[in-house]
Amino acid sequence: MTEKMLDPASCFVIGAEDQEDLFTQVYQRLLKEGLVADGFLDQVIEREEDYPTGLSSQNLGADLPNLAFPHTEGIFVKKDRLVPIKLLKPVTFHSMVDPQVSLPVGFCFMLLDDKADGQAKLLSQTMTYLSQANPSELKELFALTDPQAIYDFLEKRLVF
């Protein structure tokens, strides 16, 4: 793949009050970087309501934050990218396994892919890394609070 899927400019550490605040903050920065189109924010909020992306981390190891993988249709994406987002305080997402369940999420991987099936591939690659990583390695990642450190950590470990 010629385009970099990770970039330090699209690794975030955010304090958000709720999902909408989180998505708004990330959208504004992604739009400024030329990674998403104008309708991205409304679409990612709507898609998260219809198809929740929260995932319990209990199968990955003890004391890890729950995760979320928000994304939307490729027509709202200008450049493919995996966007890691460390949340300074948990934000509530609904579970992708059981949408009736609310999860306090501490780390997101926003999936940007302009192809119709791209998010599935990007999600699969990210989940493969997460499921094969040692829990202590994941603890180290999820404890990072500097965007450059998050980038450096993932850039050495994720293969796209």
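This is a predicted model: local features need pLDDT of at least 70, side-chain atom pairs count only at pLDDT 80 or more; totals for chains, interfaces and linings use all residues.
Five strands make up an open sheet with mixed pairing, in the order β1-β4-β5-β3-β2. Its edge strands are β1 (12-14) and β2, each of which pairs on one side only.

β2 and β3 run antiparallel and are joined by two bridges. In this pairing, Gly54 stands opposite Ala68 in β3.

## Ser57

The loop between β2 (54-55) and β3 (66-68) contains Ser57. Ser57 has a relative accessibility of 2% and counts as buried, because the cut-off for buried is under 20%. Leaving aside residues up to four places away in sequence, Ser57 touches Leu64, Pro65 and Asn66.

Helix α4 (residues 135-143) lies across β3, β4 (81-94) and β5 (102-112), and runs at about 85° to β5.

α4 also packs with helix α5 (residues 147-155), at an angle of about 155° and with the two axes 9 Å apart. That angle makes α4 roughly antiparallel to α5, since angles over 145 degrees count as such. On the α4 side the contact is made by Glu137, Glu140 and Leu141, and on the α5 side by Ile150, Phe153 and Leu154. By class, this contact of α4 with α5 has four nonpolar residues, two charged residues and no polar ones.

## Salt bridges

Side chains of opposite charge can pair when their charged atoms come close. Six salt bridges are found in a search of the whole structure.

One of them joins the side chains of Lys89 and Glu17, at 3.2 Å from N to O. Lys89 belongs to strand β4 and Glu17 to the loop between β1 and α1 (19-32), so this pair ties together parts that are 72 residues apart in sequence. Lys89 is partly exposed, with a relative accessible area of 37%, whereas Glu17 counts as exposed at 61% relative accessibility.

Glu137, a residue of the contact between α4 and α5, forms a salt bridge with Arg157, with the closest N and O atoms 3.2 Å apart. Glu137 lies in helix α4 and Arg157 in the segment after α5, so the pair ties together parts that are 20 residues apart in sequence. Glu137 is partly exposed, with a relative accessible area of 23%, and Arg157 counts as partly exposed at 31% relative accessibility. Elsewhere, salt bridges that share partners link Asp80, Asp113, Asp114 and Lys115 in one network. Within it, the closest N and O atoms of Asp114 and Lys115 are 3.6 Å apart.

Definitions and conventions. Residues are numbered from 1 along each chain as its sequence is written. Side-chain values use heavy atoms; hydrogens and water are left out. Helices (H or I, at least four residues) and strands (E, at least two) are DSSP runs, numbered from the N terminus. Buried means under 20% relative accessible area, exposed over 50%, partly exposed in between (1.4 Å probe, protein chains only). Contact means heavy atoms within 4.5 Å. Two strands pair if DSSP finds at least two bridges between them. Axes are lines fitted to C-alpha atoms, for helices over the stretch in contact, and angles run from 0 to 180 degrees between N-to-C directions. Angles under 35 degrees count as roughly parallel, over 145 as roughly antiparallel, 65 to 115 as roughly perpendicular and the rest as oblique. Ala, Val, Leu, Ile, Met, Phe, Trp, Tyr, Cys and Pro count as nonpolar, Asp, Glu, Lys and Arg as charged, and the others, Gly among them, as polar. A salt bridge is a side-chain nitrogen of Lys or Arg within 4 Å of a carboxyl oxygen of Asp or Glu.
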